[in-house]
Amino acid sequence: MTSNPPGDCCLSRTLHEGTPKGEDITIHGERIKAYLARATKPKSNGGAILYIPDVFGIWQNSKLMADNFAERGYTTLIPDLFNGDVIPDPRPAGFDVKKWIAGGGNGDNPHTPAQIDPITVAGIQALKAMGYKKIAAVGYCFGAKYIIRHYKDGIDVGFVAHPSFVDEAEFAAIPGPLSIAAAETDTIFPAENRHKSEEILRKIGVPYQINLFSGTEHGFAVRGDPKVKSQKFAKERAFQQAVDWFDEHL
């Protein structure tokens with residue numbers, strides 16, 4: 001695998017301050033809830049962003065990030081990957097994110113490719129139905145896997161940060177540009193996986209970029225603490241990395 005399954009490090013978070021400006025909508029025949037941040041001054045490249053989130057789904061931080069992308073000219077859509085089945089906060093003792101993904105250990109409300117794939121595709125289709133001709137995609141932690149899996153369904157360019165759950169075959173099949181933001185300390189995407197990802201990208205010949213941020217841990221691009229200088233810097237630079245990458249390749 002180029003990145004490992006999610007673990008406890010995926011659950012630590014810092015809530016960011018701000019008031020979301022986007023709107024709650026439904027897509028796919030009103031069957032899927034979503035958050036939409038509309039660009040007031042759209043980019044001339046005709047692109048929009050599909051935002052595939054971490055295990056916290058549509059929440060304060062992801063909404064604020066979508067708003068920031070919209071302010072930079074990219075209308076951004078976050079589909080509800082989990083159908084309202086969010087990670088509990090506070091989490092009960094012994095909460096296991098792997099069991100939550102599998103379906104609580106008994107198959108109830110699973111969050112596996114069988115459920116997430118069609119929601120991701122619906123997000124791409126929703127943006128195209130809005131008139132966007134080019135689709136950029138951002139994937140954070142859990143969401144990175146689904147960016148990698150769905151280039152074939154209409155993603156033109158991708159950005160992922162501290163990816164989890166991506167296997168080598170999926171990674172080797174991407175047909176378009178990919179940018180990666182990686183944390184210095186990350187058991188989900190450690191150095192050996194990062195280096196393997198670089199080898200694969202070089203072999204398949206797509207444009208790529210891999211930035212490594214010191215003083216960071218898994219989740220920094222969404223859940224980093226803005227009061228910690230190194231985390232604030234890395235979060236802001238990873239965001240800019242995505243914008244610059246899309247500006248270049250759309």
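**Figure 1. Helix α6 of the predicted model, residues 191–204**. Helix α6 has 14 residues, and the distance from its first C-alpha to its last is 20 Å, close to the 20 Å expected at 1.5 Å a residue (the expected span being 1.5 Å times one less than the number of residues). Helices here are DSSP runs of H or I with at least four residues, strands are runs of E with at least two, and both are numbered from the N terminus. N193, R194, S197, I200 and L201 of α6 are buried (under 20% relative accessible area; exposed is over 50% and partly exposed in between, with a 1.4 Å probe and protein chains only). An α-helix has 3.6 residues a turn, so residues three or four places apart point the same way. On the face of α6 turned away from the buried side are the exposed residues E192 and K203. Residues are numbered from 1 along each chain as its sequence is written, and side-chain values use heavy atoms, with hydrogens and water left out. Because the model is predicted, local features need pLDDT of at least 70 and side-chain atom pairs count only at pLDDT 80 or more, whereas totals for chains, interfaces and linings use all residues.

**Figure 2. Aromatic cluster of F82, W100, F142 and Y146**. Rings of Phe, Tyr and Trp (its six-membered ring) pair if their centres lie within 6.5 Å; planes under 30 degrees apart count as stacked, over 60 as edge-to-face and the rest as tilted. The count by this rule is nine aromatic pairs. F82 and W100 form an edge-to-face pair, 4.9 Å centre to centre with 65 degrees between the planes. F82 is in the loop between β4 (76–79) and α2 (97–102) and W100 is in helix α2, so the pair ties together parts 18 residues apart in sequence. F82 is buried at 2% relative accessibility, and W100 is buried at 8%. The pair of F142 and Y146 is tilted, at 5.5 Å centre to centre and 35 degrees between the planes; both residues are buried.

**Figure 3. The largest cavity and its lining**. One cavity of 30 Å³ or more is found in a search of the whole structure, and the largest cavity holds about 50 Å³ of space. Of the ten residues lining this cavity, I148, V160, P163, V166 and F171 are the closest to its centre. A cavity is a set of points, on a 1 Å grid over the protein atoms alone, where a 1.4 Å probe fits but cannot get out; lining residues have an atom within 4 Å of a point. Points are joined across faces, edges and corners, and the volume is the space filled by probe spheres set on them. The lining has eight nonpolar, two polar and no charged residues (nonpolar: Ala, Val, Leu, Ile, Met, Phe, Trp, Tyr, Cys and Pro; charged: Asp, Glu, Lys and Arg; polar: the others, Gly among them).

Methods: 1 Å grid on protein atoms, 1.4 Å probe; cavity = no way out; pocket = protein on both sides within 12 Å on 5 of 7 lines; lining within 4 Å.
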